[in-house]
Each structure stands twice: as C-alpha cells, then as structure tokens.
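Let us walk through this structure step by step, beginning with the overall build of one chain and ending with the way the parts of its partner meet.

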Amino acid sequence: MAYFLQQLINGLTLGAIYGLIAIGYTMVYGIIGMINFAHGEIYMIGAFVGLIGLLALGAVGIASVPLMLVLVILGAMTIAGLYGWTIERLIYRPLRSAPRLAPLISALGLSIALQQYVQLTQGGRVKTLAPMMQGGFVLMRGGDGFAVSLNFLQIFVFLLTIVLMTGLTLLIQRTALGRAQRAVAADPTMAALCGVDVDRTISVTFVIGAALAAVAGVMVVLYYGVIDFRLGFLAGLKAFTAAVLGGVGSLPGAVLGGLVLGLVESFWSGYADAAYKDVAAYAILVLVLVVRPSGLLGRPEIEKV
Amino acid sequence: MALPAVGAAMLEIENVSAAYGPVRALDGVNLNVGMGEIVTLIGANGAGKTTLLMTICGRPSAKAGRIKLKGQDITALPTHRIAALGVAHAPEGRHIFARMSVRENLQLGATLAAPANFARNLDRVLTLFPRLAERIDQRGGTLSGGEQQMVAIGRALMAEPDLLLLDEPSLGLAPLVVRQIFAAIGQINRERGTSILLVEQNAHHALALAHRGYVLVAGEIALEGKAADLAVNPQVRDAYLGG
C-alpha cells in the first residue's frame, strides 16, 4: 500500500509535467490543425533557461528560493514565448496555406536545428543542478519500513500546474482573447469577418503554449536536476502522446492524457521492468485509440452545417 | 453621430475582377452603395454574388480594380482591418459558431465595437430579434435555420457597421421567417441609417425592399437601376421573378 501510494505521487508529478507540455501541442493543433513537432525543443530550451537562470541568480547572491523560482519561471516563460512567437512568425505562417506535409516536415527540421543550436552553444554534456527544494512530508510508513514521502517540490509542481490550468481555462472560456482563439479554431474566415486579427491570435496561441512548456522545463530541472540538449525529443514525443491520448484539441484532455501517461510509466517502473515503461505507455495509447479514436476527451469530427 | 447625407458614397467598387485560382469569378464589376441606401445584387447561382461580397471583405482580395469605403481605398487591406473600418458581413451559410452560445456569437460580432456600447447594442439586437433573447445561452448549432440567420445578422450589427453585407438571408427559410428577416433588414436601415448591400436569389423580396439594384450575370453587371424599375423590367421578370 505504501509503495503504491509512492508510485501514485511520483506518477502524478511526472504526469503534471507531461500535461503542461501537452497543452502546447493541443492548443496549436486546435487552432491551426498542425502538430508542432518542435514544441519539445521549446520545453528543452525552457529547461536550459531555467538552469542558467537559477545558477546566475545564485551567482549574484540571491538566496531566497521563492524569489529565485518566481524570477526564473517568469524569465523562462518570456524567453520560450519569444521562441514560440518567432517560430510561428518566420516558419509556420508562410506555410499556413501550403500542403499539410510542408509545415510538418519544417517542424521536424526545426526541432533538429534547435537541438543542434543548444548543443553548440551549451555543449553536449549533461548539465546538473544541486537540489534546491529539499525536505517534505513523510505521509506514512509501510509495515516493511518503506516511507511514503511527498516532498515540497512535488507539492509545488502540483500547485503550479493546477494554478496554470485554472488560469488557462478561464482565459479560454471567459476572455475576449479566448473567445477569439475558439473562433479562429472553428472558422478563421468568419472570425476575421468579425474583426478578429487571425494572425495575432495564432501568434498568441504559440506564445502561451511555449510559455507553459517552459514552466515544465523549469520543473524538470528542479525535479530531476539533470538535463541535456536531447531532453526535448523524448519528452516532446511523450507529451504529444499525452495530447493524442486525451484527445488532441482538448485542453482538459491534454492534462488527463499527461496524468495517465505519467501514472502508467510510474507504476510500470515500480511493479514491472522500468526498461519497458515506454512500451507500456505506448501500448496504452494504442489501446485507447482502438476503442476511442478521438482520444479520451476528444470529440468526434462532426460538424452540423 | 449625425447621419451622413443619403447619396454620398459609402461603397465604391470600380472595375473589380476577382478569381479563385485560375477561375475568374468577377470581371470588371462597377457598383456603388450610397450612404443610407439599400442596394440589392441579384443573379443566378454561380454568377459571382457571394464572391463580390467576400472580395469587399478582402477574401480573396480583388485581382484588379479598386474598392473604396467612405472614400478610403480598402482593396488590399486584410479582412479584420476592413471590418474595423465599418464593414460587417452576414455571409452565405450564416457561419454561426456552432459550439458557442448565442451570447458568445454576439460578443464576437462586437470584437471591434467600443465595450461601453456593448449592453446597448445587445439590447438593440434582442429587441430586433426577440427570439434570440430566449435562446441567448443556447449553443448556436442547436438553433433553427431562421434563428441562426438572426444570429448572423445580429452578430454583424454588434459591430455597429456603416455598411452591412447580407448574403442570401432568406435561403432555406420558411416564408413567414423570410418576411420577419426582411422586415428587420428594412428596420435596421430606417432606424440606424445603415447602408446595406443585399445579395438575394429571392429577387421579389429584395427588389421590394431595396432602393436600387444590380443584376450580375457570369461575373459581370448586366443591368442596374432603381429597384422599382428593375422589378418591372421584362428581362428581370423573365429570369428572376418567374415571369
């Protein structure tokens, strides 16, 4: 029981991080119907900015951990947001009316280019960060002396994910910007006729997705303390899987997909062979898609005319 | 704001040609809409009526010729900039945002209007179409065709347009609903002084409502004149009014 609880906590933490990245995939897909395969690299860049920021703040003598976190998260969101904006503006916008394969291939190429760029500028070796947020609670002890711990960092990851998700949901459902995003997703021509600046709305969507991926990147630096330039590839693939699992285009679906994926990996690693955790994760994806092709919370493509 | 004098030009379309890819849809079209005027554009299916309205909105932009709104050249502007200058369009097929409520559809129409005027404009639309007040929180996709047309026109009105473009507002609606819609269009024009360019296959209703009319045949203006004259023109009667 204790061991189970520990895997649950670990899985939810990992899942929250996947969910934050998956939102970027699902939002961009929702608004322009394109899978932005360079999104994983934005997350990786967010992680690097986070690491550099934490080390830099430490070097100038800022010792307050909450202050460091706030500054680093905002900084990473800003820089990743700029990357997201630039990528959309320079690469995807000119290809928006091109055949669907063109932006997809460009995204893959961009993904490689960004990886190489980080490798060249930051070096290829693994970067590490000493644990910053130590301590936590011991929730219970199993009969065999196994202690279930919930550390401060896990609590922080959960809370921040909940806050960001709530904020994003309110933004999409209640604000003029969110309404414009939904309108552009549903019918870009009609949105433009209503006076919505479609290009700007798509840009903002990229910026939001990139900023959330950067938060996930900072979380990973803090949580695992080890990153390198390849970080984005597998995490991007996992988050993409989470988005598809939850129903691509659905925001709650992205988070749910992330959590399911995180839990599957965590429990598989805990009870079976950790080397096969990706096999388990993708097997779940295949099973879900066989039963529900539009994902857990996705809606079938039916439009009433 | 004082209403401008009737007769000054709201919309001037000069020698406009447009094409979808290689298919030429409009060929040297000239058309004017005066301030406070209702002008109807009639023509058969495929004559280019919808294309002309969309070309005014910059989707697609005109391949040749000029389009001016209140004297300002809007030919090459992007769609949302044209909307910002006072053009609102209730397009063919209504294009309601099906998953959004009626209220959200109307809010989208008000994207460019002053937020301070929102309550007043909403009130006007709901007075014009009381059915929408009953349906305000219902999803657009669940409404009847007539109600969707009311949303489409109401959404356009929320922008406080100077020029209202209406594409086949009567299409697929029951005769009683068509009369309601046409009565509302006349009311918008009388009460607000809004200039209206109305595309219709239902030439009978359209000519009864409009001040002037144009007949579009295969992408070119074949006839133009006062609506009352067009309504008794033998060619128009034969081709569009069922003899």
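Chain A contains 11 helices and 4 strands, where helices (H or I, at least four residues) and strands (E, at least two) are DSSP runs numbered from the N terminus. Its radius of gyration, taken over C-alpha atoms, is 20 Å, close to the 19 Å that the globule rule (2.2 Å times the number of residues to the power 0.38) gives for 305 residues, so chain A is as compact as a globular protein of that length. Along its principal axes, the C-alpha trace of chain A spans about 65 × 50 × 35 Å.

This is a predicted model, in which local features need pLDDT of at least 70 and side-chain atom pairs count only at pLDDT 80 or more, while totals for chains, interfaces and linings use all residues. Residues are numbered from 1 along each chain as its sequence is written, and chains are lettered from A and ligands numbered from 1 in the order in which they are written. The pLDDT, the predictor's confidence in each residue from 0 to 100, averages 92 in chain A, with 98% of the residues scoring at least 70. Confidence in chain A is lowest in strand 2 (residues 136-141), at a mean of 83, and highest in helix 7 (residues 188-193), at 97.

Of the 305 residues in chain A, 46% are buried, meaning that 20 or more other C-beta atoms, placed from the backbone, lie within 10 Å of the residue's own. Leaving aside neighbours within four places in sequence, A214(A) is in contact (C-beta atoms, placed from the backbone, within 7 Å) with I42(A), G46(A), V49(A), A76(A), M77(A) and A80(A).

Turning to the interface, 17 residues of chain A are in contact with 22 residues of chain B. Helix 6 of chain A gives the most to the side of chain A that touches chain B, with 5 residues.

Within chain B, an automatic or database domain assignment gives domain 1 (1-86 + 161-243) and domain 2 (94-159). Their C-alpha centres lie 22 Å apart, and 14 residues of domain 1 of chain B are in contact with 10 residues of domain 2 of chain B.

Terms used: Buried ≥ 20, exposed ≤ 12 C-beta atoms within 10 Å, placed from the backbone. Contact = placed C-beta atoms within 7 Å.
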